[in-house]
Amino acid sequence: MSTQSNRAAARLMVAPSVILLFIWMIVPLAMTLYFSFRLYRLLSPERSGWVGLANYTWFLKSPEFWQAIGNTLALVGGVLVITVVLGILIALLIDQPVKGQGVLRILVIAPFFVMPPVAASIWKNLFMHPQNGLFAAVSRAFGADPILYLENHPMLSVIGIVSWEWLPFATLILLTAMQSLSSEQLEAAEMDGAKPISRFRYIVLPHLTRSITVVILIETIFLLGIFGEIFTTTQGGPGSASTTLPYMIFKQAIAAKDIGRAAAGGIIAVILANIVAIFLMRGIGRNLDA
Amino acid sequence: MARAVSPRRKLITTVAAWAVSLLIFFPVLWMILTSFKTEASAVASPPQLFTADWTLQNYSDVWARSDYPRFFWNSVVISVGSTLLGLAIAIPAAWSMAFVPGRKTKDLLMWMLSTKMMPGVAVLIPLYLLFQRTGLFDTKIGLVLALMLMNLPIIVWMLYTYFKEIPSEILEASRMDGASLWKEVVYVLTPMAIPGIASTLLLNVILAWNEAFWTITLTTTKAAPLSAFIASFSAPQGLFYAKLSAASTMAIAPILILGWFSQKQLVRGLTFGAVK
């Protein structure tokens, strides 16, 4: 069905999207690349010039950098594992013949509609606050001292908050996928004496592969840039205990007002994001048959 | 997977499913309940689920203290505007990718998605400067453009997966009847794709509504949407729990209600074609 003119028209129709995205990507990236080789401090604008790779070496040598990389990986990995595993379990549960399934879906999807600053501030103030938070009240009820979640376990707390935000997404995709599984197949397996565990392992799980792929792909895209949750709750602290790579760049740009270093960090982040992207697309993009 | 089960098992799974779902929903519920409490009972120890002296005072305080309608209107314009503009650009692209795929189509699609992996913070300063220079800073147009470009890959991908499900025979038939490319898109394809377009629209309105990085960094007052409203509230108001909860509820209520009403289409859209 693809005649010559048809193809040309098709190209023309893709062009605006591609060109706009390309400009949107390349212009800021080129500027960032330029800044990354310059001395550019907002506090001393009179001193400027080329500094070669100095910004990059500062960034790579900073002990905070490796911690930030570790925290970023912990955040992305932790949230992915929690949301996929819990998502499967909750979807299995809701997929059973239960009363009020429609209402349950409404309850479960709610966190998805809560904007990150609100989610972070509810958790920080109403739940994790050491005096007035609900968790502190629960601790006291059991005669224990309240846990200082954001001070002593900042990374785990952030992972928990972000997991709560993304759990509905994972659960609902996996639930929809489970509901598209034909019941005959499961019934046949049941008749043949397959145990629930092996029914799950050999029928349900393979059926879910595509949806798990989509969950991982989409979540990774959003998780790599997580910023607002950290800004609202821990500000990357205490010290740099919950500083991720995006947050470290932000601190350089806004707190230290060193645009050159922030730009070098930005370029490093872009390179790392691309490595993750290639890995994802090669590894699981194949599954997609988009 | 509806199968006959014993009533006892149904009872157990029902109770368990409700318990888990309520647990997930609880933070939102707790915030809403707190918004109706007085400041004193909001921090009462032990905490009260319900309070005798419930009040609407927090809502009227928040309303009086800040210009909620303006923030709300900015959110509506920015989220709906960026989504509609995105759809206008993405529909032709997704159409041609789905029906006239080339060798590079898949790579192109993946490249589009990969542009979203660039952390926003990495390009914050350049975009900030660009927006300042071009006069787009703190304007609704500027945010419409930024969020449209941010969500464009998602829009293209979602539409693409929907369009692929439309049998191409129908398009061929219309072509036999002499329909031009343009007519084919407008009169044949688009009506068939309405459900898919609706899901895409919904999801992207929600993503744009909840976007809280560019909307906060690229605005100050004029174009600031609800994400900025709540950000400005949580800092000085941190310890006024009831007011903070009221402001938070006001910020998420519109999209929560929209989302609940359109839950079915939304979930279908969310699956990105992963579930056939």
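Analyst: Of the 276 residues in chain B, 50% count as buried, that is, with 20 or more other C-beta atoms (placed from the backbone) within 10 Å of their own. The model is predicted: local features need pLDDT of at least 70, side-chain atom pairs count only at pLDDT 80 or more, and totals for chains, interfaces and linings use all residues. Residues are numbered from 1 along each chain as its sequence is written, while chains are lettered from A and ligands numbered from 1 in the order in which they are written.

Chain B has 14 helices and zero strands, taken as DSSP runs numbered from the N terminus (H or I, at least four residues, for helices; E, at least two, for strands). Its C-alpha atoms fill a box of roughly 75 × 70 × 30 Å along the principal axes. Among contacts in chain B with a separation of 6 or more, 78% join residues 24 or more positions apart; a contact means C-beta atoms, placed from the backbone, within 7 Å.

From α5(A), the residues A:Val118, A:Ser121, A:Ile122, A:Asn125 and A:Leu126 meet B:Tyr241, B:Leu244, B:Ser248, B:Ala251 and B:Ile252 of α13(B). By class, this contact has seven nonpolar, three polar and no charged residues; Ala, Val, Leu, Ile, Met, Phe, Trp, Tyr, Cys and Pro count as nonpolar, Asp, Glu, Lys and Arg as charged, and the others, Gly among them, as polar.

Conventions: Contact = placed C-beta atoms within 7 Å. Buried ≥ 20, exposed ≤ 12 C-beta atoms within 10 Å, placed from the backbone.
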